[in-house]
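Work through the two exercises below with the model open. Each task is followed by a stepwise solution.

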Amino acid sequence: MDPTHLDHMDPTDTVWSPDGTPLAYERTGEGPPVILVGGAFCTRETHRELAALLAPRFTVFNYDRRGRGASGNTLPYAVGREVEDLAALVGAAGGTALLYGLSSGGALALEAVAGGLPVTAVAVYEPPYALEAERRAGNVRYGERLAALLADERRADAVELFLARIGMPPSAIDRFRLSPMWPGMVALAHTLAYDHAVLGDAALPVERLASVGVPVLAVCGGDSPTWLRAPAAAIAGAVPDGRALSLPGQTHEFSARALAPVLAGFFEGRQGPPLPP
C-alpha cells in the first residue's frame, strides 16, 4: 500500500481523559491495537506514515498528546494526567493495547507501563535518558531556564533553547527560524515543559523500569550521537524482559519504512511465538 494515501483512515475521533481533557486521535487499520505516543513538537502528523505502514497488520491509534494539535490542554499540567490520557486511549482500544513511544513519548510510555497501564508490550525509540552526571546537571539547568522563558511568554526563545540543548548549532537554528516548520514549533513551545516534566533530570529510572512487567524493545538509530544511542541498552538491561536494537543508518529523525517492520515483528512476536534471539 501507499503509506501516503490515507483515504482509508477513519475521521478524527475524540476520547476524554478523566480530568475532562479531550484527546483527538485517528484510528486506522485492522488487528491488535497499537497506540503511538509522540515526543517533543510531535502531533498526529508526525506518525501518520508510520501508522499507515502498520495499519495492514494492526489497528493503530495515533493521537495528539494534551496541549498539542486538536487535543485539549487542561491545567495545571501533571505527568500523572498524561498517564491517565494513555489509559483513556487504551480504553478506547478495547482495554488493552501495544504501545510505542518516540523520544520523551517513550519515557512517558515506560512510566505509564511501570504504573500498571494494561498493555501487552512496549517499544520505545531513543528516550533521551542521561547516563552521565554532567548531562543530568545540564538538564536541570535547561529546565530552570525553560520555565523562566515560558513564564515570560518568550516562546521562540524557548524553542531555540531546546534546539541548542539537543546539540543543534546556532547556524542551523537560524535556518530553522526561516523554515515553514518554525511557526508550528513556536505554537507548541509550552509542551516542552511537559516533556521536561516527564524526564526531569533524565536519570534512568531504574527502580521504575524494574517494575515493568511486559516485554520491552528499546530502539536507537545507528547514526545517532552516543548520548541518544546508549540509553537503549540501559533500558533493556533495567527491565525484566528487555531487548535493545540499533537501526543501521538511522538517526533521531528516523525513516518510518525502516522502523515499521521492526515494530511489527516485535509486536507480532508478543501476540504469538517469541521472536528468535
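**Exercise 1. Describe how helices H5 and H6 pack, from angle to contact residues.**

Step 1: Locate the helices. H5 covers residues 155–165 and H6 covers residues 170–177. Helices here are DSSP runs of H or I, at least four residues, numbered from the N terminus.

Step 2: Take the geometry. The two axes come within 10 Å and cross at roughly 140 degrees. Axes are lines fitted to C-alpha atoms over the stretch in contact, and angles run from 0 to 180 degrees between N-to-C directions.

Step 3: Classify. H5 and H6 are therefore oblique to each other (under 35 degrees is roughly parallel, over 145 roughly antiparallel, 65 to 115 roughly perpendicular, the rest oblique). The crossing is right-handed (the near helix is turned clockwise from the far one by less than a right angle).

Step 4: List the contact (heavy atoms within 4.5 Å). H5 supplies Ala156, Asp157, Glu160, Leu163 and Ala164; H6 supplies Ile173, Phe176 and Arg177.

The model is predicted: local features need pLDDT of at least 70, side-chain atom pairs pLDDT 80 or more, while totals for chains, interfaces and linings use all residues. Numbering starts from 1 along each chain as its sequence is written, and side-chain values use heavy atoms, without hydrogens or water.

**Exercise 2. Decide the state of Cys42 and Cys220.**

Step 1: Search for disulfides (cysteine sulfur atoms within 2.5 Å). The whole structure has zero.

Step 2: Check the distance. The Cys220 sulfur lies 18 Å from its closest cysteine sulfur, in Cys42, too far for a bond.

Step 3: Check burial (under 20% relative accessible area, 1.4 Å probe, protein chains only). Cys42 is buried because its relative accessibility is 9%. Cys220 is buried, at 7%.

Note on methods:
Helices (H or I, at least four residues) and strands (E, at least two) are DSSP runs, numbered from the N terminus. Buried means under 20% relative accessible area, exposed over 50%, partly exposed in between (1.4 Å probe, protein chains only).
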